[in-house]
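Here is a note on the model you asked me to look at.

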Amino acid sequence: MDVRNKESAVTMTNARSPAAVETAVQPDEVMFSPAVRTEQACRGSREVYARRAAAGHFARELSADAMAFIAQRDSAYLASASADGQPYVQHRGGPPGFLKILDDHTLAFLEYPGNKQFISIGHLAENERAFLFLMDYANARRLKLWGRAQVSSDPELMASLMSSAGSRRVGHAIVFSVLAWDWNCSQHIPRLVPAERAP
């Protein structure tokens, strides 16, 4: 990856970019660590996932269907972890389209001031590995995105995301580079429907 080209498109406040070696790793290697593969082998599912990987069912580039699904979401869960592995999950929300697709393996969204704990961005400052979990309860669909995330205050990027902010104050943006993605099975998803908004 040419870092100069990437930075000309999106200027990061944290100038580190994903290691070239990790972007060359196959998506199923991002999704399934050696320990996960061992468990799959012990529990009888390893061959199935190995065949799916060999057939190209796991990808880094988002499909048209995945991008359409992302564009329709008004809610997402961002997972991060500290350098020593302490995990954290934070909800992010906004009107449909608040998750803006920049290209077929990159998306971005605005961060709004909240309770000022700054756990997610603190984690990302020392560990860029991140995960996005997107749910469509009404239609029993969920999408999993593995990747790296960085905090950005790039004016051009921020301006492109501002239409989703409304009148809310904006802190910065999160840029998420997808390394692997997969649809989750639809079993056990409660069929929740959005509440009617008050006039």
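1. Two strands are taken to pair if DSSP finds at least two bridges between them. Helices (H or I, at least four residues) and strands (E, at least two) are DSSP runs, numbered from the N terminus. On that basis, Asp 103 stands opposite Thr 106 in strand 4.

2. This is a predicted model, in which local features need pLDDT of at least 70 and side-chain atom pairs count only at pLDDT 80 or more, while totals for chains, interfaces and linings use all residues. Residues are numbered from 1 along each chain as its sequence is written, and side-chain values use heavy atoms, with hydrogens and water left out.

3. Overall make-up. The protein chain contains eight helices and seven strands. Of its 199 residues, 40% count as buried (buried means under 20% relative accessible area, exposed over 50%, partly exposed in between, with a 1.4 Å probe and protein chains only). The accessible surface of the chain is about 11200 Å², and carbon and sulfur atoms hold 54% of that; areas come from the Shrake-Rupley method with a 1.4 Å probe, and for residues only the protein chains shown count as cover. Taking contacts (heavy atoms within 4.5 Å) between residues at least 6 apart in sequence, 70% join residues at least 24 apart.

4. Seven strands form an open sheet in the order 2-1-5-6-7-4-3, with antiparallel pairing. Strand 2 (87-93) and strand 3 (100-103) are at the edges; each has a single partner strand, so one side of each lacks a neighbour in the sheet. From one strand to the next the twist averages 35 degrees. Axes are lines fitted to C-alpha atoms, for helices over the stretch in contact, and angles run from 0 to 180 degrees between N-to-C directions.

5. Strands 3 and 4. A hairpin connects strand 3 to strand 4 through two residues. The two strands run antiparallel and are joined by three bridges. Six of the six residues of strand 4 are buried, so the strand is largely enclosed by the rest of the structure.

6. Strand 7 and its partners. Strand 4 (residues 106-111) runs antiparallel to strand 7 (residues 172-183), with six bridges between them. Glu 111 has His 172 as its bridge partner in strand 7, and Ala 108 stands opposite Val 175. Strand 6 pairs with strand 7 in the antiparallel sense over ten bridges; Ser 152 stands opposite Ala 173 in strand 7. How much of strand 7 is buried? Eleven of its twelve residues are, so strand 7 is largely enclosed by the rest of the structure.

7. Helix 6. The buried residues of helix 6 (residues 64-72) are Ala 66, Phe 69 and Ile 70. Viewed down the helix axis, these buried residues fall within an arc of 100 degrees, so they line one face of helix 6; the arc is that of the directions from the helix axis to the C-beta atoms. An α-helix has 3.6 residues a turn, so residues three or four places apart point the same way. Cover for the buried residues of helix 6 includes strand 3, strand 4, strand 5, strand 6 and strand 7.

8. Ser 75. Ser 75 lies in strand 1 (residues 75-81). Its side chain and that of His 91 are joined by a polar contact of 2.6 Å. A polar contact is a pair of N or O atoms within 3.5 Å; within protein, one must be able to donate a hydrogen and the other to accept it, and residues adjacent in sequence count only if both atoms are side-chain atoms. Leaving aside residues up to four places away in sequence, Ser 75 touches His 91, Arg 92, Gly 93, Phe 98 and Leu 134.

9. Backbone points to check. Phe 118, in the loop between strand 4 and helix 7, has a phi near 55 degrees, a positive value in a residue other than glycine. Ala 140, in the loop between strand 5 and strand 6, also is not a glycine and has a positive phi of about 55 degrees. Is Ala 140 buried or exposed? Ala 140 is buried, with a relative accessible area of 7%.

10. Pro 190 sits in the segment after strand 7 and is partly exposed, at a relative accessible area of 41%.
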